[in-house]
Amino acid sequence: MRARRLPKHPFRDSAILYGILAAIVVAVGLLTNGNVLNAVVVALAFFLAATGYSWWRFRRRLEQAGRR
């Protein structure tokens with residue numbers, strides 16, 4: 001199986017993507033008249049967990065590529 005190439009800016013791209021998704025979570029909370037504080041907390045937790053996991057995976061891939 002062919003290895004996928006890393007994007008040119010993997011860390012920035014993942015942070016932007018998850019930031020947009022977190023903003024959508026907050027927007028849905030606002031549009032549905034939900035508890036905005038809860039929406040912000042959930043969006044922040046989602047952003048931190050998803051971005052941290054993505055960055056960890058990209059670092060592992062870069063380290064493995066450096067060993068080859």
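This is a short tour of the model, stop by stop, with something to select at each one.

Before you start, note that this is a predicted model, where local features need pLDDT of at least 70 and side-chain atom pairs count only at pLDDT 80 or more, while totals for chains, interfaces and linings use all residues. Residues are numbered from 1 along each chain as its sequence is written, and side-chain values use heavy atoms, with hydrogens and water left out.

**The whole chain**

Show the chain as a cartoon and you will find 2 helices and 0 strands; these elements are DSSP runs numbered from the N terminus, helices being H or I with at least four residues and strands E with at least two. The radius of gyration is 16 Å, well over the 11 Å that the globule rule gives for 68 residues, so the chain is more spread out than a compact globule. That radius is taken over C-alpha atoms, and the rule is 2.2 Å times the number of residues to the power 0.38. Along the principal axes, the C-alpha atoms fill a box of roughly 50 × 20 × 15 Å.

Now colour by accessibility: 16% of the 68 residues count as buried. Buried means under 20% relative accessible area, exposed over 50%, and partly exposed in between, with a 1.4 Å probe and protein chains only.

**Stop one: the nonpolar patch**

Select Ile16, Leu17, Ile20, Leu21, Ile24, Val28 and Phe46, which make a nonpolar surface patch of about 580 Å². Patch residues have over 30% relative accessible area and no salt bridge; like charges are joined within 9 Å, and nonpolar side chains (Val, Leu, Ile, Met, Phe, Trp, Tyr) within 5 Å. Helix 1 (residues 10–31) gives the most to this patch, with 6 residues. Click on leucine 17 in helix 1: this residue is partly exposed at a relative accessible area of 45%.

**Stop two: aromatic rings**

Next, show Phe, Tyr and Trp side chains. Rings (for Trp, the six-membered one) pair if their centres lie within 6.5 Å; planes under 30 degrees apart are stacked, over 60 edge-to-face and the rest tilted. The count comes to 4 aromatic pairs. Tyrosine 18 and phenylalanine 46 form an edge-to-face pair, 5.9 Å centre to centre with 85° between the planes. This pair links distant parts of the chain, with tyrosine 18 in helix 1 and phenylalanine 46 in helix 2 (residues 36–67), 28 residues apart. Tyrosine 18 counts as buried at 19% relative accessibility, whereas phenylalanine 46 is partly exposed at 32%.

Then move to tyrosine 53 and tryptophan 56, a tilted pair at 5.8 Å centre to centre and 45° between the planes. Both lie in helix 2, 3 residues apart, about one turn of the helix. To finish this stop, select Phe11, Trp55 and Phe58, which form one aromatic cluster.

**Stop three: phenylalanine 47**

What does phenylalanine 47 touch, leaving out residues up to four places away in sequence? Its contacts (heavy atoms within 4.5 Å) are Ala15, Tyr18, Gly19, Ala22 and Gly52. Draw a C-alpha to C-alpha distance from phenylalanine 47 to alanine 15: the two are 32 residues apart in sequence and 8.0 Å apart in space.

**Last stop: a salt bridge**

Finally, select arginine 12 and aspartate 13, which form a salt bridge with their closest N and O atoms 3.3 Å apart. The rule asks for a side-chain nitrogen of Lys or Arg within 4 Å of a carboxyl oxygen of Asp or Glu. Aspartate 13 is partly exposed at 32%, and arginine 12 is partly exposed at 47%.

Terms used: Accessible areas come from the Shrake-Rupley method with a 1.4 Å probe; for residues, only the protein chains shown count as cover.
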